[in-house]
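Please consult the sequence and structure shown below.

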Amino acid sequence: MLGALLRAARSPLLTGWRPRALLRPADTWGRACVPRGLRPIPAAGYCCWRCGAAPEPPGFFCPSCRALQPPDRRLDYFQLLGLPRRFPLDPGRLREAHRRLQRALHPDNFGRSSEVERRYSELQSALLNEAFAALLRPLSRGLYLLALELPDEPPPAEAEGEGEADPALLGAVLELNERLAEAESQADVRRVAASVEARLRELEEKVVLAFEQGRPRDARPLLRQMKYWNSIGDRVKERLLPR
């Protein structure tokens, strides 16, 4: 049982997860601008692939010819969705930003457009989904924000000295996991769920303080703990599903 918990908490989804927007090369950006007449060269050095105008970030469409632009990998997920770069995030606001941009950029809107724009719409739509998934859950949002704040440091549990979880933490998680395994009714499962949710709320409050007070390194051990509680939380949700 303990081995299963460790494997779940160390899965690539939780420990090896890295934001692709930070790691992939900028191979989908627009071509480098070449000045034409008095057209200003944007500071970032990129311009519209069709007419050469300089879109302003996030620059989904060219301000001159209205051509759809390729994803700008210089933007982080918060910038892409027009949201403040903070750990506290209103899920409703996130969903609305995602829906609004998908309505404008979804491939269904570009069925009669050029092959270039159809490809760019697929890339833009996929990136929006990627950003939405990363920011929706507190754990993945915290890991992503930690990567933004400490880009030269490995994710939690990959750094030296972070390989083993605290025995007290493992004991608490194991106890709840046993309670879940022994639960005979939905009421028993819901009591376990309430315990897990309380632990996660407590950790999220501490993570908020760490980021808001400019102490991102203090969020590392807290996010590690959240991985374990999220792992058992997912098991609880499976038990609560209608059978």
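The points that follow are grouped by topic, from the overall fold to individual side chains.

The model is predicted. Its protein chain contains 9 helices and 0 strands, and 5 aromatic pairs occur in the structure. The average pLDDT of the chain is 82.

**Fold and surface**

- Read from the N terminus, the elements of the protein chain follow the order α-α-α-α-α-α-α-α-α.
- Of the 243 residues in the protein chain, 42% are buried.
- Among contacts in the protein chain with a separation of 6 or more, 62% involve residues 24 or more positions apart.
- The protein chain has an accessible surface of about 13400 Å², and carbon and sulfur atoms contribute 52% of this area.

**Aromatic pair W49 and Y120**

- The structure holds 5 aromatic pairs, one of which is formed by W49 and Y120.
- The ring centres of W49 and Y120 are 6.0 Å apart and the planes stand at 75°, so this pair is edge-to-face; the angle is over 60 degrees, the cut-off for that class.
- W49 is located in the loop between α2 (20-23) and α3 (77-81), whereas Y120 belongs to helix α5 (residues 115-136); the pair therefore ties together parts that are 71 residues apart in sequence.
- Y120 has a relative accessible area of 17% and is buried, because buried means under 20%.

- F78 and Y144 have ring centres 6.0 Å apart and planes at 35°, so the pair is tilted.
- This pair links distant parts of the chain, with F78 in helix α3 and Y144 in helix α6 (residues 138-149), 66 residues apart.
- F78 and Y144 are both buried.

**Charge over a ring**

- R141 places its charged end over the ring of F87, at 5.5 Å from the ring centre.

**Confidence of the model**

- A pLDDT of at least 70 is reached by 77% of the residues.
- Residues 21-32 have a pLDDT below 50, and in the model this stretch makes 36 contacts beyond near neighbours in sequence.
- Residues 34-45 also have a pLDDT under 50; the model gives them 14 contacts beyond four places in sequence.

How values were computed
Residues are numbered from 1 along each chain as its sequence is written. This is a predicted model: local features need pLDDT of at least 70, side-chain atom pairs count only at pLDDT 80 or more; totals for chains, interfaces and linings use all residues. Side-chain values use heavy atoms; hydrogens and water are left out. Rings of Phe, Tyr and Trp (its six-membered ring) pair if their centres lie within 6.5 Å; planes under 30 degrees apart count as stacked, over 60 as edge-to-face and the rest as tilted. Helices (H or I, at least four residues) and strands (E, at least two) are DSSP runs, numbered from the N terminus. Buried means under 20% relative accessible area, exposed over 50%, partly exposed in between (1.4 Å probe, protein chains only). A charge sits over a ring if NZ of Lys or CZ of Arg is within 6 Å of the ring centre and within 35 degrees of the ring normal. Contact means heavy atoms within 4.5 Å. Accessible areas come from the Shrake-Rupley method with a 1.4 Å probe; for residues, only the protein chains shown count as cover. pLDDT is the predictor's confidence in each residue, from 0 to 100.
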